Amino acid sequence: MDNFRRLACKLKDIGIREIDILGGEPTLHPDIVRLIDIVMTSGLRLNLSTNGTNVAMLEHLSRTYNKDIMKIGISLNDSRTGKELHDYITRYRPVVKSIFKKKTGSGHTNAYFGMPGITCYLLYMDTVSKQNLKDSVPFNDYYKQLYVLRNKHDNVEGVYCGGFIPDTERHPFLRDARCPAGATKLSILPDGSVYPCYLLFRHSEFRLGNILTDHFENIIENPILNQFREFHGIKCPDITCELFSKCHGGCPAISLLICNDIEAPDPRCMAKYTARAV
């Protein structure tokens with residue numbers, strides 16, 4: 001608990017304004033309320049991602065904290081939304097989100113399309129193994145379907161790696177970056193270890209330092225980050241893709257996990273070429 005308090009204070013001191021608490025399932029942590037209290041008293045904004053199984057806890061948090069400083073995001077991926085969770089969603093209007101998959105598309109999130117006060121996020125699927133590729137779709141297919149849904153419903157948003165289409169409107173410097181890792185985001189483990197992205201936690205060679213013991217300047221200036229901050233052109237062979245001129249090649253962490261090559265084109269888009277070859 002003391003380490004987490006130190007972490008929150010340090011993040012505030014170095015200018016971080018917002019943090020995400022991810023899982024596993026964070027509401028299973030025995031001290032989750034105390035951890036959230038620490039974040040709130042430090043003056044940071046918080047995004048809490050949950051699978052929605054602990055509705056009583058979510059109701060307590062929604063009654064205690066304003067949505068402007070703490071957003072709860074509920075993942076609706078595995079099963080139909082039960083009545084208790086549905087009632088919570090319609091009452092407190094949290095963020096709802098689902099992973100966009102080949103067979104299920106927007107999933108159970110579509111029940112809340114168009115509902116005032118609710119933002120529906122469709123997440124482009126992270127694939128951490130070759131087996132996951134069968135459930136994913138090329139980014140261009142996801143992007144086109146997202147465009148259609150956003151034209152129909154003003155509360156639908158997409159979530160995907162800026163290594164595809166960087167958000168240069170809010171962050172112009174991403175125009176020259178391979179992806180947002182180390183530019184607009186960093187990922188931190190409970191022990192304070194810092195990585196460019198949570199998808200790289202399993203690769204110790206990408207450890208940038210420890211936020212609790214190292215100077216932040218040394219972490220953020222670590223030369224490991226240069227490969228994410230520098231964009232030298234797309235290597236995707238699909239020059240007919242409508243997004244080719246805008247895309248930065250996808251997620252380098254996914255390319256490392258699947259292809260063992262951080263500079264390889266994103267394997268979720270390349271899967272269609274593999275399928276043709278087979």
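What order do the strands of the open sheet of six strands have? I read off E1-E2-E3-E4-E5-E6, with parallel pairing. Strands here are DSSP runs of E, at least two residues long, and helices are runs of H or I of at least four, numbered from the N terminus. Two strands pair if DSSP finds at least two bridges between them.

I noted the ground rules next. This is a predicted model, where local features need pLDDT of at least 70 and side-chain atom pairs count only at pLDDT 80 or more, while totals for chains, interfaces and linings use all residues. Residues are numbered from 1 along each chain as its sequence is written, and side-chain values use heavy atoms, with hydrogens and water left out.

Angles run from 0 to 180 degrees between N-to-C directions, and axes are lines fitted to C-alpha atoms, for helices over the stretch in contact.

I then went through the pairs. E2 and E3 are parallel and share five bridges; Thr50 has Ile74 in E3 as its bridge partner. Strand E3 (residues 70-75) and E4 are parallel too, over three bridges. There, Ser75 is partnered by Lys97 in E4. E4 and strand E5 (residues 120-124) run parallel, joined by five bridges, and Val96 stands opposite Cys120 in E5.

Is strand E4 mostly covered or mostly open? Strand E4 (residues 95-100) is mostly covered, with five of its six residues buried. Buried means under 20% relative accessible area, exposed over 50%, and partly exposed in between (1.4 Å probe, protein chains only).

**Ser49**

I picked Ser49, which lies in strand E2 (residues 45-50). Ser49 counts as buried because its relative accessibility is 15%. Its side chain makes a polar contact with the side chain of Lys97 (2.7 Å). A polar contact is a pair of N or O atoms within 3.5 Å; within protein, one must be able to donate a hydrogen and the other to accept it, and residues adjacent in sequence count only if both atoms are side-chain atoms. Beyond four places in sequence, Ser49 touches Ile21, Leu22, Pro26, Gly73 and Lys97. Contact means heavy atoms within 4.5 Å.

**Helices H3 and H4**

H3 lies across E2 and E3 and runs at about 155 degrees to E3. I also checked its helix neighbour. The axes of helix H3 (residues 55-64) and helix H4 (residues 83-92) come within 10 Å and cross at roughly 10 degrees. H3 and H4 are therefore roughly parallel, a label for angles under 35 degrees. On the H3 side I found Val55, Leu58, Glu59, Ser62 and Arg63, which meet Glu84, Leu85, Tyr88 and Tyr92 in H4.

Which residues does Ser62 contact, leaving aside neighbours within four places in sequence? They are Ile72, Tyr88 and Tyr92. The side chains of Ser62 and Tyr88 make a polar contact (2.6 Å). At 19% relative accessibility, Ser62 counts as buried.

**The three-stranded sheet**

Last, I turned to an open sheet of three strands, ordered E7-E8-E9 with antiparallel pairing. Strand E7 (187-188) and strand E9 (209-210) each have a single partner strand, so one side of each is left without a neighbour in the sheet. E7 and strand E8 (residues 193-195) pair over two bridges. Ile188 has Val194 in E8 as its bridge partner.

How values were computed
Angles under 35 degrees count as roughly parallel, over 145 as roughly antiparallel, 65 to 115 as roughly perpendicular and the rest as oblique.
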